[in-house]
Protein chains: 2
Amino acid sequence: MSKVIASASMSLDGYIAKDDNSIGRLFDWLQNGDVEIPTASPGITLHLGQASAEYWRRWTSDLGALVCGRTLFDFTDGWGGRHTMDVPVVVVTHSVPTEWVDAHPDAPFSFVTDGVGSAVARAREIAGDRVVAVTAGTIARQCLELGLLDEVAVDLVPVVMGRGRPFFGELAQDDVPLGDPVTCVQGDRVTHLVFPVAR
Amino acid sequence: MSKVIASASMSLDGYIAKDDNSIGRLFDWLQNGDVEIPTASPGITLHLGQASAEYWRRWTSDLGALVCGRTLFDFTDGWGGRHTMDVPVVVVTHSVPTEWVDAHPDAPFSFVTDGVGSAVARAREIAGDRVVAVTAGTIARQCLELGLLDEVAVDLVPVVMGRGRPFFGELAQDDVPLGDPVTCVQGDRVTHLVFPVAR
């Protein structure tokens, strides 16, 4: 069965973006190396260091589907109908954006209006044996609280941001213990850490 | 010249304690191993895993002085006059606790009333070539903002706390970039990471 993994670049103090959704230094590691990685988005080519490139290739080659929220979908305009990592996307939303759907009839996007649990189930069907990635923020928090996450993959960036949008945010429950990292890869301006979640 | 290092156990989401100052699972790694480490506090013996024990011994053997705030000093009642790590303590405070000082005439505690910068300078004098540790929270944030830190040493604990007291908290300035970790030691329920600070 597919794994469900919450993943994001995160500052040492736990932020995945500034309050205005800009990313400051969080994505520096995606452009500071010699290894060119093309993406499915026109005009976006990554330039990773060797260690991060290996980590990235493994991560993206395992990906089967992505679950995101409506805010990110709207912010990116649905990545123009094709996600940067060329993976099917399940969007958690209150209402289906019918105009967008009509304008992108072939886009591998699904819209789920009955909650995160249902969206993850849909993404699992799409992903088969491959990984379901869920975006950090509200979606990751809800998945963590519902016990839906298998792993938390943090690209830990050596910066103190002081404030911003947290990876998980305030939980409705007590502490959630994770396991010790099963992966720890040191890149250039990033440490890739993967923590298992007890389910 | 001595290094100034901010150090604490921290959850993956950036907290060093709960809002009520309790520590949840943050100190589990100090008691889950086979290596007995005595401390200067009566009744407190640590039990560390092998990797953490080696890290801890190096850390404590390098320590020359500790800078903390008045809140922690009061919370611990000045560790009874002798810090757990048997190191001189410089307390940043608005007023000297004269009763406590009279009751502990031989305690290696100094009280500095003119700010963190002055407290760090005093701690440097005491520490000589050895490390000055500053506690996480307000003191660490002020040191970071004043450019006084050489390193940030995080004992990263695999737990999501959701809320609590942050390692640094909100900065009065923009992002502060750190260097990639110069130390990464995997323990049991902890990853010891040391980040240099550009000064």
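**Helix 4 of chain A**

I looked up the buried residues of helix 4 of chain A and found V116(A), A119(A), V120(A), A123(A), R124(A) and A127(A). Seen down the helix axis, these buried residues fall within an arc of 140°, so they line one face of the helix. The arc is taken over the directions from the helix axis to the C-beta atoms. I count a residue as buried under 20% relative accessible area, as exposed over 50%, and as partly exposed in between (1.4 Å probe, protein chains only).

I note for the record that this is a predicted model, in which local features need pLDDT of at least 70, side-chain atom pairs count only at pLDDT 80 or more, and totals for chains, interfaces and linings use all residues. Residues are numbered from 1 along each chain as its sequence is written, chains are lettered from A and ligands numbered from 1 in the order in which they are written, and side-chain values use heavy atoms, with hydrogens and water left out.

Helix 4 of chain A covers residues 116–127, which is 12 residues, and reaches 16 Å from its first C-alpha to its last. That is close to the 16 Å expected at 1.5 Å a residue, the expected span being 1.5 Å times one less than the number of residues. Helices (H or I, at least four residues) and strands (E, at least two) are DSSP runs, numbered from the N terminus. After the helix comes G128(A), with a positive phi near 60°.

I then checked what the buried residues of helix 4 of chain A pack against: strand 1 (4–11), strand 5 (63–69), strand 6, strand 7, strand 8 (131–135) and helix 5 (138–145) of chain A. Contact means heavy atoms within 4.5 Å.

**A123(A)**

I picked A123(A) from helix 4 of chain A. A123(A) is buried, with a relative accessible area of 0%. Leaving aside neighbours within four places in sequence, A123(A) is in contact with A65(A), V67(A), V90(A) and V132(A). I also took the C-alpha separation of A123(A) and T71(A), 52 residues apart along the chain, and got 18 Å.

**Strands 6 and 7**

Strand 6 (residues 89–92) of chain A pairs with strand 7 of chain A in the parallel sense over 4 bridges; pairing requires at least two DSSP bridges between the strands. In strand 7 of chain A, S110(A) is the bridge partner of V90(A).

I looked at both faces of strand 7 (residues 109–112) of chain A and found them covered: F109(A) and F111(A) are buried on one side, S110(A) and V112(A) on the other. In a regular strand the side chains alternate between the two faces of the sheet.

S110(B) is buried at 14% relative accessible area. Not counting residues up to four places away in sequence, S110(B) touches V89(B), V90(B), V91(B), R122(B) and I126(B).

**Positive phi in loops**

D77(A) is not a glycine, yet has a positive phi of about 50°. I placed D77(A) in the loop between helix 2 (70–75) and strand 6 of chain A. D77(A) counts as partly exposed, at 45% relative accessibility.

R189(B), also a residue other than glycine, has a positive phi near 70°. I placed R189(B) in the loop between strand 13 (183–186) and strand 14 (191–196) of chain B.

**The two copies**

I laid chain A on chain B by a turn of 180° and a shift of 0.0 Å along the axis, with an RMSD of 0.0 Å. The two copies are thus related as by a two-fold rotation axis. The superposition is by least squares on the C-alpha atoms of residues with pLDDT of at least 70 in both.
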